[in-house]
Amino acid sequence: MSQRELVVLGTASQVPTRHRNHNGYLLRWDGEGLLFDPGEGTQRQMLHAGVSATQLTRIAVTHFHGDHSLGLAGVIQRINLDRVPHPVDVYFPASGEVYFERLRHATAFHETAVLRPRPIDEPGPLPAPGARFALDAVRLSHPVESFGYRLTEPDGRRLVPERLAALGIAGPDVGRLQHLGAIEVGGRQVTLDQVSEPRPGQSFAFVMDTRLCDGVHELAERTDLLVIEATFTDADARLAEEHGHLTAGQAAKVAAEAGVRTLVLTHFSQRYPDLGQHLADARKHFDGTVVLAEDLARVPVPPRRRP
């Protein structure tokens, strides 16, 4: 199983259907589990997907419409019921803090876990204690305040075994070189750059309810895996604009212009029993990997870009 993958828990917009649960998306990123927009029924979808509350390290809510947040109450209570041993950071628009508090304390329960609310006043870097990535919020355009999220891994370096062997570096010396950046071997200094090559960091972006705006483009820029709403088909672009949403074609065009590698379309209106037109609209603009999200599907983060 990939250490970095998206687990889709729900893909419906506004109301669930017989085949689509309300929103919910879990990003597995090495040892982290980031839960985005837990709508109603998320706790049960987690059970079907084999996701436990103890795997959650962060929760991120884009905005406080019900299909993106009503599942918070159940998820928070499950975190406490299961006595999750680590703190869980919860990110959300500060303007909706009253809704967060209502959901957090929707019913009586015994609090056993540490929940750290992280209300967002302005776009920019977010506090992410212990994370090996940067987490940023970007403002979107919707009838209520909404933020998208971007996860960015810093660039690094990858050791090349052939170069290490050629210079006689093995065992504890490998660790010393990584830690110090340079060591002396056989009377000469060897630097980390000599035995390694650049390793581009990976990135993930989450774009929910919004019309086209600068924030959509900012989030998508050179993203390896982009999860983005495609509520409407292009034929219903007027409705999308009126209600603060995107069409499949708009989302795909953004992805193409931004150099996205894997595009995940989701948040489909119940008016479309078939998503064939969504895919056709997307293919007019984007020739990379397109995934029409399905409940309980798993989407791997693509391999690293070449240096």
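The legends below describe close-up views of a predicted model.

Local features are given where pLDDT is at least 70 and side-chain atom pairs where it is 80 or more, while totals for chains, interfaces and linings use all residues. Residues are numbered from 1 along each chain as its sequence is written, and side-chain values use heavy atoms, with hydrogens and water left out.

**View 1. Helix 1 and its buried face.**
Helix 1 spans residues 42-49; helices (H or I, at least four residues) and strands (E, at least two) are DSSP runs numbered from the N terminus. Thr42, Gln45, Met46 and Ala49 of this helix are buried, where buried means under 20% relative accessible area, exposed over 50% and partly exposed in between (1.4 Å probe, protein chains only). Viewed down the axis of helix 1, the buried residues fall within an arc of 105°, so they line one face of the helix; the arc is that of the directions from the helix axis to the C-beta atoms. An α-helix has 3.6 residues a turn, so residues three or four places apart point the same way. Arg44 and Leu47 are exposed on the face of helix 1 turned away from the buried side. The buried residues of helix 1 pack against strand 1 (4-10), strand 2 (24-29), strand 3 (32-36), helix 3 (72-81) and strand 18 (298-300), with contact meaning heavy atoms within 4.5 Å. Just after helix 1, Gly50 has a positive phi of about 75°.

**View 2. Strand 3 and its two partners.**
Strand 3 pairs with strand 2 in the antiparallel sense over 5 bridges; two strands pair if DSSP finds at least two bridges between them. Leu26 stands opposite Leu35 of strand 3. The two strands form a hairpin with 2 residues between them, and Asp30 in the turn has a positive phi of about 55°. Strand 4 (residues 58-60) runs parallel to strand 3 and is joined to strand 3 by 3 bridges, with Phe36 opposite Ala60 in strand 4. Strand 3, helix 1 and strand 4 make a right-handed β-α-β unit: with the strands pointing away from the viewer, the path from the first strand over the helix to the second runs clockwise.

Glu32 forms a salt bridge with Arg58, with the closest N and O atoms 2.9 Å apart; a salt bridge is a side-chain nitrogen of Lys or Arg within 4 Å of a carboxyl oxygen of Asp or Glu. The pair links distant parts of the chain, with Glu32 in strand 3 and Arg58 in strand 4, 26 residues apart. Both Glu32 and Arg58 are buried.

**View 3. Helix 4 and its packing.**
Phe100, Leu103 and Arg104 are the buried residues of helix 4 (residues 97-104). They cover an arc of only 100° around the axis, which puts them on the same side of helix 4. These buried residues pack against helix 2 (66-69), helix 3, strand 5 (88-93) and strand 6 (115-120).

**View 4. The largest nonpolar core.**
The largest nonpolar core has 30 residues, of which Leu226, Ile228, Leu263 and Leu265 touch the most other members. A nonpolar core is a set of buried Ala, Val, Leu, Ile, Met, Phe, Trp, Tyr and Cys residues joined through side-chain atoms within 4.5 Å. Elements giving two or more residues to this core include strand 14 (203-207), helix 7 (214-220) and strand 15 (225-229). Helix 9 gives the most to this core, with 6 residues. Another core, of 27 residues, lies apart from it and has Leu34, Leu126, Leu135 and Val264 among its members.

**View 5. Further salt bridges.**
The structure holds 22 salt bridges. In one of them Glu153 is joined to Arg199, the closest N and O atoms being 3.7 Å apart. Glu153 lies in the loop between strand 9 (147-152) and strand 10 (156-159) and Arg199 in strand 13 (residues 196-199), so the pair ties together parts that are 46 residues apart in sequence. Glu153 is buried, with a relative accessible area of 7%, whereas Arg199 is partly exposed, with 27%. Lys284 forms a salt bridge with Asp281, the closest N and O atoms being 3.7 Å apart. Salt bridges that share partners join Arg4, Asp30, Glu153, Arg199 and Arg304 into one network.
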